[in-house]
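Notebook open. Today I looked up the cavities and the nonpolar cores.

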Amino acid sequence: MHEGDGCDVVSREIGEEELQKFYCRITKQLMGKEHGHDVIDSLQRLHLIMAGSKEDLSALSSLLLRSLEGRPAGILSHLHTLPLLNTIITYCPESITEDHVTLLSKRLVDWLRYASVQQGGVASSGGFFTGPRIRQPGPVVELDGCVCGDFFTVLCVSQAFSDDQWMNLYSFSLLRHWLITYHNVTDGNNSTDADDRSEVDGSVVSMVSATSSSSRLLPPKERLREKSFQYCQRLIEQSDRKALKRTDTELQKACLVEAVRILDGVCVEDAGCVYRAFPCVKSLFGRLNSDLSCSRVLLPIAQFYLNHGETAAVDSECVWRCVFGVLPAECFNDPYLAHETLSFIRANQLQLHSSVPLYTHYFPSLLKFLAWDSPGLVSDYVDVLPSLVTAGTAVELLHSLLDLPCLTAALTLQLRYTHTHTLSVLHDLLMEAADWSRVIQSAQSVPVLLHVYFNTVTTVSDERLLAQLVLVLLERSSLLLNIPKYTAEIHRVFSHHLLKLCKLHPSLVVDQSRELLEFAGTTTNIHSKEDLYTHVVWVLGEYLSVSFDSRCSVDLVTSCFEALEAVLFEITSSGSPSPRVVTSLLSALAKLASRSHDLIPRVSLFLSKLRSGAVSWCGSEEDVVAVVTRGEELWSLLKLPSVALSVLTPPSLATSPRWHRDANATLPPRLRTLTGLTDTR
């Protein structure tokens with residue numbers, strides 16, 4: 001309950017006894033002959049209580065529904081009763097019985113289809129949404145000013161509305177929710193009976209609707225379904241009229257959204273209605289698909305096509321081209337459209353994959369929503385992205401994710417400048433955009449989505465495609481928009497997933513050995529991409545072995561050793577290399593040498609120099625300790641070649657649990673023990 005006056009609102013918990021008294025009072029009020037302001041006040045209070053209580057609602061539902069019968073004098077309370085019933089339906093649909101469904105269906109039919117087409121006799125303070133339109137009482141009119149020639153709907157205009165016209169509006173506002181609820185009530189309480197009658201009911205509805213106006217012969221639920229169908233068709237016809245006021249144009253769009261959704265629900269319940277509804281919906285799409293201001297209506301139309309296109313045997317590609325291609329590309333800065341589109345995809349992912357073959361190919365347009373509003377949409381894309389990853393889209397999608405900040409900058413510039421005359425100007429503008437908050441936020445979302453991407457791509461790709469992705473990682477590590485912290489974060493993601501890919505498919509290292517060695521042999525990569533570089537060195541030392549791939553020849557091991565050896569000599573003879581890089585190279589060289597014993601003297605020579613203190617290139621005492629300790633461990637281990645091979649390259653049967661896990665920084669304590677055993681000093 002909420003009490004107070006002015007702006008002071010106090011919330012308090014209602015006790016069981018007080019709630020029981022309130023319930024008894026409102027029950028007596030609803031059973032009375034007249035419903036005054038005290039009843040309205042009680043209903044409003046009950047509406048607040050409903051959010052916190054779901055008990056004992058079936059009896060209350062019966063009372064509320066009975067209060068809707070008869071008596072025009074009770075119309076004021078009806079306006080408060082319907083929202084309350086809607087709340088009960090939302091919080092406790094099980095409290096609605098079959099008798100409730102029948103009773104409310106009858107009343108909704110009357111309010112929807114048989115409201116007066118004459119203006120009300122009491123002056124209105126503004127109609128549904130706007131002020132008075134005509135000077136003298138008379139017939140209601142359409143939004144274009146023409147006299148209403150058919151039954152009353154929410155798109156009719158009047159200076160003052162009668163009670164039944166107000167109920168028409170209220171009924172339409174809860175119609176879709178009610179149709180869903182009574183469908184579930186029928187399924188839950190009378191599923192067997194409903195299955196037995198479904199085919200007959202659908203045939204009867206279609207036959208009666210198509211042959212005459214004798215829908216009164218139908219049962220109440222089926223009759224409501226038919227009147228709902230007619231009401232929505234009437235709204236679609238009215239929406240084609242040119243409204244005299246701009247606000248009414250927005251009202252037309254809102255009513256179209258609801259009308260198409262109701263038609264969709266009706267067709268889900270009765271497949272016989274699909275053939276009657278499709279010409280109307282198809283015509284509506286043809287009228288709206290080129291009007292970007294009507295984008296909000298196109299998603300319900302897309303849902304209708306997705307649910308019923310196969311039944312009606314229609315070509316839906318033009319719909320998907322519009323919804324997934326044109327709209328995101330042209331309306332990327334519309335937050336409502338972005339939210340609705342992603343909600344549509346999340347709700348229909350499986351059906352889209354099976355019914356829309358080209359769905360995944362629309363990802364370049366769909367990513368524009370993310371590029372424009374990354375903070376607000378990244379959680380949606382975490383759910384949506386896996387549905388876009390296929391063997392056919394994986395490579396291009398990876399490039400698109402890495403270029404997301406560039407796309408954000410380009411979209412921002414698109415709204416600022418209409419023409420870019422040269423490519424150099426575009427590049428200058430993109431550099432200018434690197435510190436824009438929208439671009440930075442876009443960049444922050446990329447690592448999250450890359451993790452989702454890689455976790456998904458391994459489930460849908462073969463080794464050939466994964467080999468392509470390894471090349472993309474190496475190539476794109478140098479081609480990223482220069483945003484603070486962005487490049488380093490992407491390199492960390494690349495490093496993490498390079499290890500996972502190679503562990504999952506060790507043969508990738510042999511397949512891409514030339515490119516990996518080229519990357520590892522380029523010393524400039526050490527300074528700009530240290531994290532990724534050390535991981536590339538690690539996978540070369542770890543997986544270039546016949547234990548993982550029989551194609552790994554002695555020549556390949558030797559060429560890899562020589563390339564890494566040259567890098568090690570170069571960086572230690574000039575400058576101050578990172579101890580992490582040095583120890584990674586030392587470990588990789590030791591592993592390779594253990595597989596080709598002719599190489600052991602070469603690496604042992606360098607390790608012995610380390611033991612003698614030839615580490616002037618180390619920048620600090622701490623670095624000296626780290627490098628010398630690693631050198632001693634490896635030198636001692638290589639003195640026993642057979643032991644070195646079993647430790648540094650364990651047999652496949654011994655890889656789980658692993659005897660040796662190199663974390664690129666230290667060797668495990670087991671090797672330290674071996675060092676102590678073999679050191680003669």
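My notes below take the cavities, then the cores.

I worked from a predicted model, where local features need pLDDT of at least 70, side-chain atom pairs count only at pLDDT 80 or more, and totals for chains, interfaces and linings use all residues. Numbering runs from 1 along each chain as its sequence is written, and side-chain values use heavy atoms, with hydrogens and water left out.

I counted two cavities of 30 Å³ or more. A cavity here is a set of points, on a 1 Å grid over the protein atoms alone, where a 1.4 Å probe fits but cannot get out; lining residues have an atom within 4 Å of a point. Points are joined across faces, edges and corners, and volume is the space filled by probe spheres set on them.

I then took the second largest cavity, at about 30 Å³. I found Phe561, Glu565, Leu568, Phe569, Leu589, Arg602, Val603 and Phe606 in its lining. The elements giving two or more residues are α27 (554-573) and α29 (600-611), helices being DSSP runs of H or I, at least four residues. α27 gives the most, four residues.

Next I checked the largest nonpolar core: of its 190 residues, Trp178, Trp320, Phe324, Leu450 and Tyr453 touch the most other members. Such a core joins buried Ala, Val, Leu, Ile, Met, Phe, Trp, Tyr and Cys residues through side-chain atoms within 4.5 Å, with buried meaning under 20% relative accessible area (1.4 Å probe, protein chains only). Helix α9 (residues 246-269) supplies the largest share of this core, ten residues. I also noted a second, separate core of six residues, including Ala115 and Phe161.

Definitions and conventions. 1 Å grid on protein atoms, 1.4 Å probe; cavity = no way out; pocket = protein on both sides within 12 Å on 5 of 7 lines; lining within 4 Å. Buried < 20%, exposed > 50% of the residue type's maximum accessible area, 1.4 Å probe, protein only.
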